[in-house]
Amino acid sequence: MWNLGKFEIKGKVVLAPMAGITSEGYRKYLNTFGVDFAVTEMVSDMGLIYDNDETLSYIKYQKSDVLTGVQLFGSKPENLAKAASKALTINPDIDFFDINMGCPVPKVTKTGAGSALMLNPINCGEIIRAIKNVTDKPVTAKIRLGYNEVNFMEVINELEKAGVDAIAIHARTRKELYAGEPHYDLIKDLRNKMSVPLIVSGNIYTLDDAINALNITGAEAVMVARGGMGNPFLIKQIKTFYETGQRLPNPSFLEQVTFCLALAKSLIEEKGEFGAMRIYRGIAPKFFSGFANAKILRTILATSLTTYQSLVNILEEFKNNLI
Ligand SMILES: Cc1cc2nc3c(=O)[nH]c(=O)nc-3n(C[C@H](O)[C@H](O)[C@H](O)COP(=O)(O)O)c2cc1C
């Protein structure tokens, strides 16, 4: 049991924020596998301030049984604070705010936001203070090892001084983007050097990845990101292991078919069939990446998905070995 501000958290697995992926429909389905909390896609502070329709749609989600935080990105404490207050007037059910201090995308970093914030640790602290001044909801930060140089400890110290409620760290620098091995060696025993709960992120694809990351760092929880895309059962494997010590076997092909169809339904409910299937061409093939002889299936899913029925047909055909 650990605390995220006023909330008690029982388990050790949370759903990472992923722009373009962790929408309400995606979270709703993955949450059913036992997520302890989830974070929205990143939301622009200026988009909220200027009432951008798409930005507003990210925060207008229905109350969930699973704690849900809104991830904000921006560079100026006063704008982020304004955006947080406004978000709460639009959706009072937001459970907490997370501040994006890790995004490596140039469109974001050139405005001083995302991972560029790590170049100025004092400003990172100011951002947390400013948001804490306008809300009593917990405020967390998601950082990387550093921008070009590794400086996470300095950033963590400023965040803690400012009263941050928890910190998630992606064990790569900005310049490493999402590639290569994350550097868990650099955050060995990190939790011992900190005063707030720690969540770790980076290549969590299997139960053993999660166990190793938690053992090395002493963190309270792991964040499931790309590893959960096409493998939501990973969340249940991690949850079950830490609750009972039991290692659940990986899902069968037929179980993956069931999960794949269910997530598609949840996305369609949210985005309509056209919008959901466009995104699903990038997600559906991942459900079958661990299966020998499924290469053709993956290619067909990536190129030919148009409707829910087309998904059903493709999976049926493959199940029956007609391809
Ligand atoms: C498509 C995609 C979108 C992402 N969007 C965000 C985001 O909006 N905010 C954020 O803090 N991290 C974002 N991330 C980073 C993930 O939350 C996570 O830290 C990173 O992918 C490392 O974990 P993994 O190696 O297990 O995928 C994104 C990652 C991916 C792959």
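## Exercises on a predicted model

Phe291 lies in the loop that links α10 (253-283) and α11 (295-304). The model is predicted.

**Exercise 1.** Decide whether Phe291 is buried, partly exposed or exposed.

Solution. Start with the count: 14 other C-beta atoms lie within 10 Å of Phe291. A buried residue needs 20 or more such atoms, and an exposed one has 12 or fewer. Phe291 is therefore partly exposed. As a further step, look along the chain: Phe253 is 38 residues away from Phe291, and their C-alpha atoms are 7.5 Å apart.

**Exercise 2.** Find out how far strand β4 (residues 37-44) is enclosed by the rest of the structure.

Solution. Strand β4 has eight residues, and seven of them are buried, so the strand is largely enclosed by the rest of the structure. Next, consider its pairing: β4 and strand β5 (residues 67-73) run parallel and are joined by six bridges. For Ala38, the bridge partner in β5 is Thr68.

**Exercise 3.** Describe the residues around the ligand by class.

Solution. The shell holds 10 nonpolar, nine polar and three charged residues. Of these 22 residues, the ones that come nearest are Ala16, Met18, Met42, Ala225 and Arg226.

**Exercise 4.** State which parts of domain 1 and domain 2 meet.

Solution. First set the bounds: domain 1 covers 2-244 and domain 2 covers 253-319. Their centres, taken over C-alpha atoms, are 28 Å apart. Then take the contacts: 10 residues of domain 1 touch 12 residues of domain 2. On the domain 1 side, helix α1 (residues 24-31) gives the most, with five residues. By class, that side has five nonpolar, three polar and two charged residues.

Definitions and conventions. Residues numbered from 1 in each chain as written. Predicted model: local features only at pLDDT ≥ 70, side-chain atom pairs only at ≥ 80, totals over all residues. Helix = DSSP H or I, 4+ residues; strand = E, 2+ residues; numbered from the N terminus. Pairing = 2+ DSSP bridges. Near = placed C-beta within 6 Å. Nonpolar A, V, L, I, M, F, W, Y, C, P; charged D, E, K, R; others polar. Domains from an automatic or database assignment. Contact = placed C-beta atoms within 7 Å.
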